[in-house]
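Subject: Structure handover

Hello,

Here is the structure I promised. Please look it over first, then read my notes below.

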Amino acid sequence: QAPLGSHPRPPWGTVEEAAMSAGAESELKGHGAAEGQEAKSSGSPMSDEFRRNFTIYATFHTAGFMLMVVNKLEQTFARSLVECDVPLDASALFTGSSLCGNRLLVIDQGQKLSSSGQGMECFFKVLAMVFLAVLADVSGRKPVLVIGLLCTGASALSFLVATSSPTWIAFRLFALGQGLQGAFPVELLAGITVNDMSNEPTSDPVVVQQVSGLINLLTVILLEIVGVCLNSSTSTDFRATWVLVALMNGLIAFAAVKFCRETKPEFKDVDRTQKGVLAGAKDEVLEYVHLLRTNTILRLNLIMFACFATSFTASSIDFSFYIAFHEVSQYEAVKHFSFKLIVAILLFGAVDGVCQKHGSKKGFAMVMYTMFGGSTLLVPLYLWSPWIFMFHQYFQMVFSGMQPFTNAIDTRWFDQRLTAKFLSMKSIVQYIVGIAVNPAYGALFNAHATGYFGRMAPYGLQYAATCVQVCLLMGPLWRIPGGLPDVLDRIDKERIDKAAAAAGSETKAESEKKQD
């Protein structure tokens with residue numbers, strides 16, 4: 001989960017799940033199959049693709065948008081549930097609760113509640129990713145989509161009941177609501193469905209990815225605007241919001257049943273409906289265990305990624321840390337964080353530019369050590385000045401292009417089949433880590449702390465995880481045969497080959513033009 005104002009991971013169209021069905025040939029089936037049939041082109045390839053699969057794009061991106069809106073509001077909503085005997089002070093900084101006038105208590109309990117809820121969400125994510133991926137092959141994509149949408153709607157209803165419940169019940173309903181969100185791994189299902197469409201005989205895989213990527217970008221920008229508007233409000237009454245979210249998810253579920261076609265291909269190599277969901281999930285887990293035992297590079301990568309996930313999760317307490325220890329109101333803090341996405345988009349190509357200029361090996365090392373050095377220098381000074389804290393928040397946006405570059409690395413460690421398993425295991429590792437680490441950060445965060453080490457304890461855990469991550473990257477993974485330098489050299493070679501091929505095509509076209 002991304003903190004307020006950060007660049008969230010889009011919950012749709014990921015690489016790892018899209019590779020799970022690679023090589024399967026699709027057969028159009030179910031309601032609305034005519035939508036996927038080849039139609040006469042009446043515009044650009046992207047516009048034709050968007051019209052051809054409009055209901056699928058609209059349904060998945062709207063579902064993902066609604067889920068991320070709920071994620072954006074979770075921490076703010078958690079603070080609104082905190083209750084105490086201290087009366088409100090109209091002149092005090094607004095922190096999100098109309099039931100408690102103890103500002104630090106609201107921030108502290110709100111963060112702990114949010115962190116425990118995120119741990120619950122990660123737990124359900126792990127279960128969903130193991131079972132629903134198999135269920136999607138057994139029963140189809142549409143049933144899984146509808147079940148997930150109903151879970152998100154039920155989550156909003158759980159939050160709605162929490163607004164009118166005693167504190168001890170409200171806190172449990174909040175955790176239940178976040179768990180229900182985890183039961184809808186829209187990123188997994190969307191990736192599988194995009195891959196289904198990419199493998200249809202009438203589809204262009206590149207165009208499918210381009211359309212999905214463009215809608216992703218527009219959706220993330222809209223999400224950031226909506227999140228800033230909602231979190232900037234001083235209202236603590238979320239009832240209308242949760243009613244709207246529940247109704248929207250119900251309508252999307254109805255639209256999915258009524259209008260979306262089934263994209264599940266006919267698997268010619270094996271009948272995936274014979275074993276059932278439980279047997280299929282068991283086989284999947286056993287294969288993961290076997291890979292962990294036998295493949296050293298895969299094992300080192302997953303340990304390194306677990307350290308990265310531990311470090312990244314610390315960003316979930318940034319907002320609470322900022323308003324607690326720098327005495328900033330919720331409204332002002334939202335404004336201070338709100339421009340991070342804009343900076344991230346503007347600097348998205350910085351990492352790739354460095355790697356192209358200096359070569360992937362040298363460029364990657366430069367980027368990694370700059371990120372690590374920035375954290376080493378600036379994080380210990382977080383308490384000294386809010387300017388230093390916010391400078392580091394925006395400094396990290398310089399490396400917003402690191403994720404697609406590391407995704408490119410991850411797809412080049414192994415062959416196609418093993419890559420699909422590796423990327424799926426990465427997602428599961430991320431959520432397994434989240435089960436333990438989210439509550440740990442919530443426990444370490446103490447808004448009442450007065451000493452330096454008490455206040456900085458969460459960032460101590462983050463820095464320790466970052467150190468282990470860098471040591472693994474630049475140590476065993478760098479030195480092992482077939483390790484990171486070989487992968488980076490492969491990326492450079494692919495770039496050179498593509499550039500040469502493009503130059504050859506251009507020269508050939510010019511020669512043919514002169515002959516004409």
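Start with the contacts, meaning heavy atoms within 4.5 Å. Among those in the protein chain between residues at least 6 apart in sequence, 82% join residues at least 24 apart.

Some ground rules. This is a predicted model, where local features need pLDDT of at least 70, side-chain atom pairs count only at pLDDT 80 or more, and totals for chains, interfaces and linings use all residues. Residues are numbered from 1 along each chain as its sequence is written, and side-chain values use heavy atoms, with hydrogens and water left out.

**Overall**

The protein chain has 22 helices and zero strands. Both are DSSP runs, numbered from the N terminus: helices are H or I with at least four residues, strands are E with at least two. Of the 516 residues in the protein chain, 52% are buried. Buried means under 20% relative accessible area, exposed means over 50%, and partly exposed lies in between (1.4 Å probe, protein chains only). The protein chain exposes about 23,300 Å², and carbon and sulfur atoms supply 66% of that area. Areas come from the Shrake-Rupley method with a 1.4 Å probe; for residues, only the protein chains shown count as cover.

**The disulfide**

The structure holds one disulfide, a pair of cysteine sulfur atoms within 2.5 Å. Cysteine 84 is joined to cysteine 100, with S to S at 1.9 Å. The link of cysteine 84 and cysteine 100 is right-handed, with 95° about the S-S bond. Both cysteine 84 and cysteine 100 sit in the loop between helix H3 (54-80) and helix H4 (103-138), so the pair ties together parts that are 16 residues apart in sequence. Cysteine 84 counts as buried at 19% relative accessibility. Cysteine 100 is buried too, at 3%.

**Helix H20**

Helix H20 covers residues 452-474, which is 23 residues. The expected span is 1.5 Å times one less than the number of residues. H20 bends by about 50° at proline 458. That bend is the angle between axes fitted to the seven residues ending there and the seven starting there. Buried residues in H20 include Met456, Pro458, Tyr459 and Gln462.

**Lysine 426**

Where does lysine 426 lie? Lysine 426 is in helix H19 (residues 416-444). Lysine 426 counts as buried, at 12% relative accessibility. Leaving out residues up to four places away in sequence, lysine 426 touches Leu302, Phe305 and Asp410.

Best wishes
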